[in-house]
Amino acid sequence: MTNTNTSRRNERRVSSVTGWLRLLVHANLFISLATVSVAVTTMVLVGLSLEFFPLFVVFAATMFVYTVNRFTDLEEDERNVPRRAAFTRRYGRFWLALGIVLYLGAIATAVGLDLPGALYLLLPVPVALLYSLGGLKRIFLVKNCFVGLAWGVIPLGVGYYYGQLADLSVLFLAGYVTVMITIAAVIFDVKDVAGDRAEGIATVPNRLGLRSTRRLSQAANVVVATGVIGLVWTDVLTGEFLVVLAMNGYVAGYIPFATPDRGPLFYGFVVDGEHVFLAGVVLALEWLVW
């Protein structure tokens with residue numbers, strides 16, 4: 001009886017943890033934390049002070065864009081990720097309203113403080129429209145590159161805010177994030193392979209197959225890591241930037257497990273957690289070593 005009760009308690013704990021993780025993923029809280037992590041990594045590696053407002057802007061813009069996308073992709077999600085679609089139908093309006101309020105609050109604050117570049121805070125609107133309604137998803141590889149470029153803007157935005165836009169470190173991080181998110185976006189298509197085929201959407205997994213997609217993604221990951229080592233070896237970047245290889249190792253670890261039967265927590269938490277992981281490593285080294 002004792003073993004049975006212990007087993008039930010453990011099951012309830014696991015169920016509770018899983019429920020909270022689903023909330024973080026389905027409500028776009030975790031993906032927003034991931035983009036904030038990109039900004040944090042940029043600030044620390046470039047030697048900039050951590051400030052609340054630019055981090056808030058990144059969080060708010062991500063919440064807005066991704067929540068809008070949840071509604072425009074609702075029918076597709078009902079086939080590919082029905083549990084997420086059900087969450088959107090039941091709670092989506094609340095999270096959309098929250099995203100809008102946060103996003104408008106960020107814009108109003110920037111205007112009120114007369115910050116330079118406040119106009120650029122309107123960019124998430126055309127980004128959301130192009131991605132969600134512009135038909136980019138149906139063009140082979142364009143969707144993946146578009147997502148990568150959108151994330152790559154984050155280090156550039158940080159550089160602009162601090163007056164360091166032309167800094168080589170900022171430009172490197174923008175390129176690095178763009179390529180790594182493009183790889184992640186290709187892996188993300190693995191979970192939707194059946195639905196994308198039914199919709200006639202051309203993706204790398206549909207065109208090349210699952211095994212070739214994983215191999216190609218892993219090869220790209222290795223090429224990026226080799227490029228980072230080369231830039232440090234030739235003194236283009238300082239040795240501190242070798243820390244980004246931690247994320248390359250993280251990505252190398254999850255790619256072999258990317259299959260269509262993996263649940264949304266694998267893609268929404270493990271895959272999307274790559275930049276959260278890197279920011280954690282960067283902050284730990286900043287406090288303990290650098």
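How do the residues lining the second largest pocket divide into nonpolar, polar and charged? The structure is a predicted model, in which local features need pLDDT of at least 70 and side-chain atom pairs count only at pLDDT 80 or more, while totals for chains, interfaces and linings use all residues. Residues are numbered from 1 along each chain as its sequence is written, and side-chain values use heavy atoms, with hydrogens and water left out.

The lining of the second largest pocket holds three nonpolar, three polar and seven charged residues (Ala, Val, Leu, Ile, Met, Phe, Trp, Tyr, Cys and Pro count as nonpolar, Asp, Glu, Lys and Arg as charged, and the others, Gly among them, as polar). A pocket here is an open set of points on a 1 Å grid over the protein atoms alone, where a 1.4 Å probe fits, with protein on both sides within 12 Å along at least five of seven lines; lining residues have an atom within 4 Å of a point. The second largest pocket has about 240 Å³ of space, a volume being the space filled by probe spheres set on points joined across faces, edges and corners. Of its 13 lining residues, Asp73, Glu76, Lys137, Arg138 and Ile201 are the closest to the centre. Helix H4 (74–80) gives the most to this lining, three residues (helices are DSSP runs of H or I, at least four residues, numbered from the N terminus).

Turning to the largest pocket, about 1000 Å³ of space lies there. Among its 37 lining residues, Ala61, Tyr120, Pro124, Val153 and Ile154 are the closest to its centre. H7 supplies the largest share of this lining, 12 residues. The lining comprises 32 nonpolar residues, five polar and no charged.

Terms used: Helices (H or I, at least four residues) and strands (E, at least two) are DSSP runs, numbered from the N terminus.
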